[in-house]
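Subject: Handover of a structure for your review

Dear colleague,

Please find the structure below, handed over for your review.

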Amino acid sequence: MAFVRETWNYILRNDENEIYEPEVQFLDPIASNIETREFYQNAAFGNRPELRALEIGKEATETYISSMKKQQLPGLYLAGYINFANTPNRPRQSNPFIQNTTNLFSGGFGLTIRQNLNFFSMKTSLERSEIELNKVTYAKDAAQDGILLEVNNNYRTASLANIKVEQTDNALVTSKRWLRQEQLDYDFGMGDAKDLIDAMRKELELKLQLKQRIFEYNSSLAKLNKSAGIPLTTLITN
Amino acid sequence: MKKVFKISIAVLLIGFFFSENVIAQSSGNEIRTMLEERDEQIKELMGPEGTEYTDSQRSELKEIINGIIDFKAMAQEALGDTYDSITEEERTEFVDLFSTIVRDQSLNKLDIYRAQVTYQAVEADGGTARVETLAQLDNVRTPVNYEMENKNGEWVITDMEIDDVSTASSYNRQFQRIINQKGFESLMISLRKRAERAE
């Protein structure tokens, strides 16, 4: 314990007379229960940032391909104009030989078609983008498989650690009963000191083992939550 | 008419359920207050750490600690089926010896009564109750649970689970082993010897 405190003080780099005391003195199993495997898998697919990044990358590539396809289509431009001018107080409005900026009516329109003729280059660019899209899709599938494997492994480890905690706890209760029995026998003058010491030793060993198992369980549950993209604060607040 | 009848039944049922809950809660509060008062009395009598106790102080402590224990019920549980097969005199003597020994053992480690007690659950159901507490002393926590019964309007302890081990069951295992190996009389001889040491 003294070693732990020394290490703790060293890490916190406290002053000579400054002592840090841990807020929680006891190591207990995390109160929240392990959920189903599907819960963690779904949480991982919904929360893991690398999957979301790949999904966004995929969407961006799809949008880019769509815009490239649109660029291959011909562009049509239609333009027109109308000019009209009138001077009402001038005589002989209908004189066909008088036409100037004060008396006219004219119009016109133009149609333009624009088409990029570099078909081979465009096709190559499109193919490259489609390859990029495939790459992102495969990367996402691979990431999903990797995450699934990671979640499954962590789930198995956490479940196993949970069972080990329960089994060690049961063994500890049994050893406590044994110790109490030996204490009573010894108190009644019927017990053997060696049996009492053995019972005490076993109880202490199991107490220590239980703490180790609880530590392993809590760590494995934290790893499981991390792999599922669930914030660790959820575990602490629960 | 039928509707009125149905509503009346529903109101009665709700009332019954509500009153049951209120009674259970009030019993729970009563038990908790009683145990807390007992705990305060013990701590007050014990004084600061390192206090030397006189015989009268020890006997007063013994009285407060064991005052709410129903030794007859605990002894009966400890002896199991054998309790029904022995005579009335044997029963009386057995309960007497058993209580002397348990009372003596309760003073073995006085420091444990300095522990900070946290009440985790007080569940009363009719005439029985279970109290779950956690006693903390010098960074060591020990669960201490009580099985209680209401007898003649008073709540008494019929069994104690200290560190997950039931006191009555521990004695039961020990007594059964002695009875099976050497008989009831041999158990009584052992109890008499142990009780002599206590007196």
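Domain bounds, as used here, come from an automatic or database domain assignment. For chain A, that assignment gives domain 1 (32-72 + 125-237) and domain 2 (75-114). The C-alpha centres of domain 1 of chain A and domain 2 of chain A are 81 Å apart. Please bear in mind throughout that this is a predicted model.

Chain A

A:Phe3 belongs to helix α1 (residues 2-12) of chain A. Because A:Phe3 has 7 C-beta neighbours inside 10 Å, A:Phe3 counts as exposed. A:Phe3 and A:Phe105 are 102 residues apart along the chain, and their C-alpha atoms are separated by 102 Å.

A:Phe119 is found in helix α4 (residues 119-187) of chain A. With 10 other C-beta atoms within 10 Å, A:Phe119 is exposed. The C-alpha atoms of A:Phe119 and A:Gln72 are separated by 7.9 Å, although the two residues are 47 residues apart along the chain.

Buried residues of α5(A) include A:Ala199, A:Glu203, A:Leu206, A:Arg213, A:Ile214 and A:Tyr217. Also buried in α5(A) are A:Ser220, A:Leu221, A:Leu224, A:Asn225 and A:Ser227. After α5(A) comes A:Gly229, with a positive phi near 75 degrees.

Chain B: overall composition

Chain B contains 7 helices and 5 strands. Read from the N terminus, its elements follow the order α-α-α-α-α-β-β-β-β-β-α-α. Of the 199 residues in chain B, 19% are buried. Where contacts in chain B join residues at least 6 apart in sequence, 52% of them are between residues at least 24 apart.

The sheet of chain B

The pairings may be taken in turn. Strand β2 (residues 128-137) of chain B pairs with strand β3 (residues 140-151) of chain B over 10 bridges, in the antiparallel sense. In this pairing, B:Thr133 is opposite B:Val144 in β3(B). The hairpin of β2(B) and β3(B) has 2 residues between the strands, and B:Asp138 in the turn has a positive phi of about 50 degrees.

β3(B) is in turn joined by 8 bridges to strand β4 (residues 154-162) of chain B, and the two run antiparallel. B:Tyr146 is set opposite B:Met160 in β4(B), while B:Asn150 has B:Trp155 in β4(B) as its bridge partner. The hairpin of β3(B) and β4(B) also has 2 residues between the strands, with B:Asn152 at a positive phi near 55 degrees.

Between β4(B) and β5(B), which run antiparallel, there are 2 bridges. B:Glu161 is partnered by B:Ser166 in β5(B), and B:Ile162 is opposite B:Val165 in β5(B). β4(B) and β5(B) form a hairpin with 2 residues between them, where B:Asp163 in the turn has a positive phi of about 55 degrees.

Nonpolar cores

The largest nonpolar core has 27 residues, of which B:Ile31, B:Ala75, B:Ala78, B:Phe98, B:Ala129, B:Val131 and B:Met148 touch the most other members. Leaving aside residues up to four places away in sequence, B:Val131 touches B:Ile31, B:Leu35, B:Val122, B:Asn145, B:Tyr146 and B:Met148. There is also a second, separate core of 11 residues, and among its members are A:Tyr40, A:Tyr155, A:Leu221 and A:Ala228.

Contact between the chains

How many residues does each chain bring to the contact? Chain A supplies 13 residues and chain B supplies 11 residues. On the side of chain A that touches chain B, 5 residues are nonpolar, 3 are polar and 5 are charged.

Yours sincerely

Note on methods. Residues are numbered from 1 along each chain as its sequence is written. Chains are lettered from A and ligands numbered from 1 in the order in which they are written. This is a predicted model: local features need pLDDT of at least 70, side-chain atom pairs count only at pLDDT 80 or more; totals for chains, interfaces and linings use all residues. Two residues are in contact if their C-beta atoms, placed from the backbone, lie within 7 Å. Ala, Val, Leu, Ile, Met, Phe, Trp, Tyr, Cys and Pro count as nonpolar, Asp, Glu, Lys and Arg as charged, and the others, Gly among them, as polar. A nonpolar core is a set of buried Ala, Val, Leu, Ile, Met, Phe, Trp, Tyr and Cys residues joined through C-beta atoms within 7 Å. A residue is buried if 20 or more other C-beta atoms lie within 10 Å of its own, exposed if 12 or fewer, and partly exposed in between; C-beta atoms are placed from the backbone. Two strands pair if DSSP finds at least two bridges between them. Helices (H or I, at least four residues) and strands (E, at least two) are DSSP runs, numbered from the N terminus.
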